[in-house]
Amino acid sequence: MQADLKWLDNPQTFRVNQLPAHSDHHYYRTVAEMQAHQSSFVQSLDGTWQFAFAQTPQERPVGFEQPDADHQNFGEIQVPGHIELAGYGQLHYTNTLYPWEGKLYRRPAYALGDTTGMPGMFSEGPDNTVGAYLKTFTLNPELRDHRVVIQFDGVEEAMYLWLNGHFVGYAEDSFSQSEFDLTPYLQAGENLLAVEVFKRSTAAFLEDQDFFRFSGIFRSVRLVAQPTVHVNDLTIRANVLDDLTTGDFNVTLNLNADAAQSGAQVKTILHAGQQVLLNQTVPAQAELTIRHVPVPNVHLWDHHDPYLYQLQVEVLDASGQLLEVVPYDVGFRRVELKDKVMLLNGHRLILNGVNRHEWDAKRGRSVTLADMQYDLQVFKQHHINAVRTCHYPDQIAWYSLCDRNGIYMMAENNLETHGTWQKMGAVEPSYNVPGSLPQWQGAVVDRARSNYQTFKNHPAILFWSLGNESYAGDDIAAMDQYYHDHDEGRLTHYEGVCRNRVYADRISDMESMMYDPPKAIRDYLDNDPQKPFVNCEYMHDMGNSLGGMNSYTDLIDQYPMYQGGFIWDYIDQALLVNDEVTGQPVLRYGGDFDDRHSDYEFSGDGLLFADRTPKPALQEVSYYYGKYDR
């Protein structure tokens, strides 16, 4: 197969040769490696890459992926990182409008009765910048003679991949991990990896979030070797029975298709400290399922006591030698909707939440582990017990950190199409995507699938969120159905159903609104509502705002079906740069980079400044959230 630039224009082509999404488990060669959190199966490709930038697809270095191509004009770039923050292209912040509005006429393929698919819209787009990346590597000895997969944790927005001149695959979902099998094209000694990143594709219509519009390989990249018998996926169901004292443990393991012929065995252990609750060894199969293991006097997971059991899966070869060991933390908790109230472990759930974009004042959305750890300290200090991953999947490490710190998660997949249905504040969905267009359904359901399959085992996730501000139609209803078909233990969320009540019974287990005044919420709750109420965004913290927060928190005491919400938002999106006149570091917002159109300082609505300095508003949040931190 050859790479085709026309894929950029086709909403029905969103993954080519990409491996299926699976659980985010780590695996190690030995128990010692597991204890040290260092796997010899992994080889990082982060660091310095060769790089060339092109303003348009027509100006890109065609054929650069070939080992004998001329690369003398390539410079260097750091991975992970954004192309624009490395000095290329145009920094641009916009909220609702698409970046090209007022400059280029674009409408989504197959909308407004189009039957052509809009050929050339992005493949010939004069605003579609391109980054050509090259990385030379030699496999570590520990990875040789294994199947080798490459993992891209985040590439914005559309990427083509080659190894040693051979086309490997294509992916579009910027915030989900993309994996490809490199094994057929690996060679002894030096290998040349090539990645071509386009800033825009049809995915741009699906990624119209309120943020700076970046591009590039902005999250980590690694090579991962797989042993001859390997756990490809695991699905954990740590249920709690009606008595709320007995756990019901279930796990399904998916291994290589030929695992049964290998003579290998799989040992599964569940323990809490020194107490072993399960220790079972069985012959390897392509699929292994352990069902209904009772856990008496189960230690329940919640915000104040995020207790985690430990699962350990060991794969042994025919001679009993360890091939791999897979650890995973397990939290037992029960999420349910009972008498139209959301309960956690039998108690009414109250969300003291924030919306959190991934952000760092110097690195943009390429955040670090230190950033995440700092944010969790702020959460704990100020009684924040919940987070919405607005409006895309976060770095994988964030989910485990929330497990360990007892932070309730609304896990949102990567979808916002704001500019296709709301124009200058008016609801006008004439060319809304995905809507009910069959040509767009596959792409958005795939985004739901990636979100679920990757993060399905995290106890912190109480709700799956279908996306943000994308109106409503058959395609979003199909996403909701996917989550319900695969997960009976969580609820779904989507605010946009309020724009199209025809789908009220097919989308979202809760009534979720943005910026409803307290009176409107009271009116809803006083009129025999069918669903509990959550503010998915409220108390927009721009400027000297956030006053009167008690008018919302008072509702908690008055209405059992009012369950709190998520403040917009946690941290400003601004960039720390040196002022040209004074030479001093300053924080700059939209419009400060000659970016037009722009929403200017509208991105400055966090409880923290972009450099993570707390704003005074955080004190009010801490006071009122502290009253309901129970």
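## Contacts of Thr-454

Contact here means heavy atoms within 4.5 Å. Leaving aside neighbours within four places in sequence, Thr-454 is in contact with Ala-21, His-22, Ser-23, Asp-24 and Ile-396. Thr-454 sits in helix H4 (residues 438-455); helices (H or I, at least four residues) and strands (E, at least two) are DSSP runs, numbered from the N terminus. With a relative accessible area of 11%, Thr-454 is buried, where buried means under 20% relative accessible area, exposed over 50% and partly exposed in between (1.4 Å probe, protein chains only). Asp-242, by comparison, is 212 residues from Thr-454 in sequence and 28 Å away in space, C-alpha to C-alpha.

A word on the ground rules: this is a predicted model, in which local features need pLDDT of at least 70 and side-chain atom pairs count only at pLDDT 80 or more, while totals for chains, interfaces and linings use all residues. Residues are numbered from 1 along each chain as its sequence is written, and side-chain values use heavy atoms, with hydrogens and water left out.

## Domains and their interface

The domain assignment of the protein chain gives domain 1 (5-226), domain 2 (231-330) and domain 3 (347-627); such bounds come from an automatic or database domain assignment. An unreviewed UniProt entry annotates residues 335-627 as "domain: Glycoside hydrolase family 2 catalytic". UniProt positions are given in the numbering used here, feature names are shortened, and annotations may be inferred rather than shown by experiment. In the model, residues 335-627 are 28% helix and 20% strand, and the end C-alpha atoms of this span lie 23 Å apart.

Let us look at where domain 2 meets domain 3. Their C-alpha centres are 33 Å apart, and twelve residues of domain 2 are in contact with 18 residues of domain 3. The area buried between domain 2 and domain 3 is about 1,200 Å², with carbon and sulfur atoms giving 49% of it; buried area is the accessible area (1.4 Å probe) that two parts lose on being put together, summed over both. Two salt bridges are found across this interface, a salt bridge being a side-chain nitrogen of Lys or Arg within 4 Å of a carboxyl oxygen of Asp or Glu. Elsewhere in the list of ion pairs or here, Asp-329 forms a salt bridge with Arg-404, their closest N and O atoms being 3.6 Å apart.

Strand E9 (residues 158-163) is mostly covered, with six of its six residues buried. Ala-158, Tyr-160 and Trp-162 point one way from E9, while Met-159, Leu-161 and Leu-163 point the other way. In a regular strand the side chains alternate between the two faces of the sheet.

E9 pairs with strand E12 (residues 190-198) in the antiparallel sense over six bridges; two strands pair if DSSP finds at least two bridges between them. Within E12, Ala-194 is the bridge partner of Trp-162. E9 also pairs in the antiparallel sense with strand E10 (residues 166-171), over five bridges, and there His-166 is the bridge partner of Leu-163. E9 and E10 form a hairpin with two residues between them, and Asn-164 in the turn has a positive phi of about 50°.

## Backbone details in the loops

Two cis peptide bonds are worth a visit. One runs from Cys-390 to His-391, with omega near -15°, and His-391 lies in the loop between strand E27 (386-388) and helix H3 (396-405). Tyr-110 has phi near 70° and counts as buried at 19% relative accessibility, whereas Met-424 has a positive phi of about 55° and is exposed, with a relative accessible area of 79%.
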